[in-house]
Amino acid sequence: MRYAQGGGLTDAERAARERIRLQAVIRFEGGETNREVAAALRVSERSVERWRRAWRERGEAGVLSRGSPGRSRLSETQIARLERELERGPLVHGWADQRWTLARIKTLIGRLFHVSYTVEGTWRLLKRHGWSWQQPARRAIERDDDAVEVWKKEIWPRVRAPRRSAMPGSSSRTRPGSR
């Protein structure tokens, strides 16, 4: 399941959903129908059907949360060490420039912890721990910001073509006056 934020549920959100499923189990045991349970818990009947089937097959354990599907293979101490190493910079780790790419971070994780991640998995790991994507501002060394501002304020308004006057358009391929 995908969520608007681009990630999964937090532990608190997962626990809240589990509580709703456990409330449904109590109602199942009380003999309520799927429609009644769905209305009372404000969920879809389809979800209630799934929960009831899981409850019948595996009991209460069938509706319990299975945890985060994307659990990190690195411990919290390893994550802290990775963050320290990233802050030291790529030059310290043997790369020729100051760019941390996902492929480089993936390689660093492999070197430090002997754990293999995909490039996409590396991105998810970093994002989960508060790192964001950055893009360096690329500007010419010769760039003169003052000259750019003068050009924008003085020259561009004179060069720019005037806007067309507002007049009703025509869907005809030929102009009415050209007949």
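Arginine 143 is partly exposed, with a relative accessible area of 41%, where partly exposed covers the range between buried (under 20% relative accessible area) and exposed (over 50%), using a 1.4 Å probe and protein chains only. Its side chain pairs up with aspartate 145 in a salt bridge, with the closest N and O atoms 2.6 Å apart. For a pair to count as a salt bridge, a side-chain nitrogen of Lys or Arg has to sit within 4 Å of a carboxyl oxygen of Asp or Glu. Aspartate 145 is itself partly exposed, at 41% relative accessibility.

A word on what you're looking at: this is a predicted model, in which local features need pLDDT of at least 70 and side-chain atom pairs count only at pLDDT 80 or more, while totals for chains, interfaces and linings use all residues. Residues are numbered from 1 along each chain as its sequence is written, and side-chain values use heavy atoms, with hydrogens and water left out.

Now zoom out. The protein has 7 helices and 0 strands, so the pattern along the sequence reads α-α-α-α-α-α-α, with helices (H or I, at least four residues) and strands (E, at least two) taken as DSSP runs and numbered from the N terminus. Of the 179 residues, 21% are buried. The protein exposes about 14500 Å², and carbon and sulfur atoms supply 50% of that; the areas come from the Shrake-Rupley method with a 1.4 Å probe, and for residues only the protein chains shown count as cover. If you take contacts (heavy atoms within 4.5 Å) between residues at least 6 apart in sequence, 40% of them join residues at least 24 apart.

Back to the charges. Side chains of opposite charge can pair when their charged atoms come close. A search of the whole structure turns up 9 salt bridges. One of them joins glutamate 32 to arginine 27 at 3.1 Å, N to O. Glutamate 32 is partly exposed at 24%, and arginine 27 is partly exposed too, with a relative accessible area of 27%. Glutamate 57 and arginine 58 also meet in a salt bridge, this time at 3.9 Å, N to O. Here glutamate 57 counts as exposed because its relative accessibility is 57%, whereas arginine 58, at 44%, counts as partly exposed. Elsewhere, Asp97, Arg99 and Arg104 are linked in a network of salt bridges.

Arginine 21 tells another story. Find it in helix 1 (residues 11-29). Arginine 21 is buried yet has no salt bridge, and the nearest side chain of opposite charge, glutamate 18, is 4.5 Å away. Opposite charge here has Lys and Arg as positive and Asp and Glu as negative, with His and the chain ends not counted. What does arginine 21 contact, leaving aside its neighbours within four places in sequence? The residues are Trp51, Val63, Leu64 and Ser65.

Next, look at helix 3 (residues 45-58), where arginine 46 sits. Arg46, Arg50, Arg53 and Arg56 form a positive surface patch. Patches are built from residues with over 30% relative accessible area and no salt bridge, joining like charges within 9 Å and nonpolar side chains (Val, Leu, Ile, Met, Phe, Trp, Tyr) within 5 Å; the place of a charge is taken as NZ of Lys, CZ of Arg, CG of Asp or CD of Glu. Arginine 46 is exposed, with a relative accessible area of 61%. Arginine 56, also placed in helix 3, counts as exposed at 59% relative accessibility. The C-alpha atoms of arginine 56 and valine 25 are separated by 9.8 Å, with the two residues 31 apart along the chain.

There's a nonpolar patch on the surface as well: Trp151, Ile155, Trp156 and Val159, together giving about 380 Å² of accessible area. Isoleucine 155 lies in helix 7 (residues 145-159) and is partly exposed, at 32%.

Finally, check the backbone in two loops. Arginine 42 is in the loop between helix 2 (34-41) and helix 3, and its phi is near 55°, a positive value in a residue other than glycine. Arginine 42 is exposed, with a relative accessible area of 78%. Histidine 114 is in the loop between helix 5 (102-113) and helix 6 (119-128); its phi is positive, about 55°, although histidine 114 is not a glycine. At 71% relative accessibility, histidine 114 counts as exposed.
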